[in-house]
Amino acid sequence: MASDTSPISVLFARGILARLALWPALRIAVHQNWGGPQSAQKQRWLAGIIIDEFEACLPSASASLTAFDLHQSTPMHPSHTLPEPDTEYIETMLLQIMDDEFEVALEDGSAFDVARDVVRLWNDAKEGKDGYVKDLEMQADRTKGKMPQYEVDAGSASDWEDSDGDNEDESGSDSEDFGKEVVPQLLDHAKEVPDIDEDGFTTVKRRGGR
């Protein structure tokens with residue numbers, strides 16, 4: 001993040017940290033140390049990467065002064081200001097980092113869901129809206145100490161559930177229940193058959209898993 005932190009960046013960072021904490025694929029990768037002993041640090045590093053991508057789109061104060069000093073009659077976008085990342089760009093980045101840093105390949109669409117929410121958080125932050133951020137923070141707080149399990153149903157549909165087994169409906173006002181996301185399909189490049197225990201839970205393995 002930039003040294004001169006703006007209110008937009010602070011609000012956006014809060015939202016990103018909370019949203020990543022609610023991503024089951026990342027939660028299990030960190031819990032299992034698939035990224036090595038520094039897996040938890042990598043989660044925060046990922047948040048920083050996302051934040052930096054969007055902060056690069058903010059015009060700098062020096063650029064504004066330059067435009068003023070040159071007596072520009074109309075607003076001018078500095079040449080170094082980058083276009084804002086879109087959902088597709090963030091999704092691709094998330095998939096690449098999960099593969100490179102945690103050896104996990106996803107095919108469930110959860111990276112797209114996270115990317116979509118990232119873009120929403122950025123747009124809200126620019127407008128000073130903190131409702132969605134607070135909602136995510138409350139949900140992230142409820143997931144602390146819980147481990148998501150890969151539940152296999154009789155059909156093709158599967159869900160992530162927290163390991164405490166709570167099935168109560170905590171549906172909020174307009175918020176999504178991130179504790180029941182669509183199950184990430186963690187691809188094992190060795191094509192190993194997943195282990196299913198007597199309770200119907202699949203042991204999710206990383207790429208080239210043990």
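Buried here means under 20% relative accessible area, exposed means over 50%, and partly exposed lies in between, using a 1.4 Å probe and protein chains only.

A word on the model. It is predicted, so local features need pLDDT of at least 70 and side-chain atom pairs count only at pLDDT 80 or more, while totals for chains, interfaces and linings use all residues. Residues are numbered from 1 along each chain as its sequence is written, and side-chain values use heavy atoms, with hydrogens and water left out.

Now the rings. Rings of Phe, Tyr and Trp (for Trp, the six-membered ring) pair if their centres lie within 6.5 Å; planes under 30 degrees apart are stacked, over 60 edge-to-face, and the rest tilted. That rule gives three aromatic pairs. Take Phe12 with Trp122. This pair is edge-to-face, at 5.0 Å centre to centre, with 75° between the planes. It links distant parts of the chain: Phe12 sits in helix H1 (residues 7-21), Trp122 in helix H6, and they are 110 residues apart. Helices, by the way, are DSSP runs of H or I with at least four residues, strands are runs of E with at least two, and both are numbered from the N terminus.

Next, Phe54 with Trp122. This pair is tilted, at 5.2 Å centre to centre and 40° between the planes. Phe54 lies in helix H3 (residues 39-55) and Trp122 in H6, so the pair ties together parts that are 68 residues apart in sequence. Phe54 has 1% relative accessibility, so it counts as buried. Trp122 is also at 1%. Ring pairs join Phe12, Phe54 and Trp122 into a cluster.

On to the helix packing. The axes of H3 and H6 come within 12 Å and cross at roughly 50°. Axes are lines fitted to C-alpha atoms, for helices over the stretch in contact, and angles run from 0 to 180 degrees between N-to-C directions. H3 is therefore oblique to H6. For the cut-offs: under 35 degrees is roughly parallel, over 145 roughly antiparallel, 65 to 115 roughly perpendicular, and the rest oblique. Ile50, Phe54 and Glu55 of H3 meet Val118, Val119 and Trp122 of H6. Contact means heavy atoms within 4.5 Å.

H6 has another partner. Helix H5 (residues 87-102) and H6 (residues 110-126) have axes that come within 8 Å and cross at roughly 130°. That makes H5 oblique to H6. This crossing is right-handed. On the H5 side, the contact uses Thr87, Ile90, Glu91, Leu94 and Leu95; on the H6 side, Ala111, Phe112, Val114, Ala115, Arg116, Val118 and Val119.

Two last stops. First, helix H2 (residues 24-31): seven of its eight residues are buried, so H2 is largely enclosed by the rest of the structure. The buried ones are Pro24, Ala25, Leu26, Arg27, Ile28, Ala29 and Val30. After H2 comes Asn33, with a positive phi near 55°.

Second, Gln41, which is in H3. Gln41 is partly exposed, at 48% relative accessible area. Its C-alpha atom is separated by 9.1 Å from that of Val30, 11 residues apart along the chain.

Notes:
Left-handed = near helix turned anticlockwise from the far one by under 90°.
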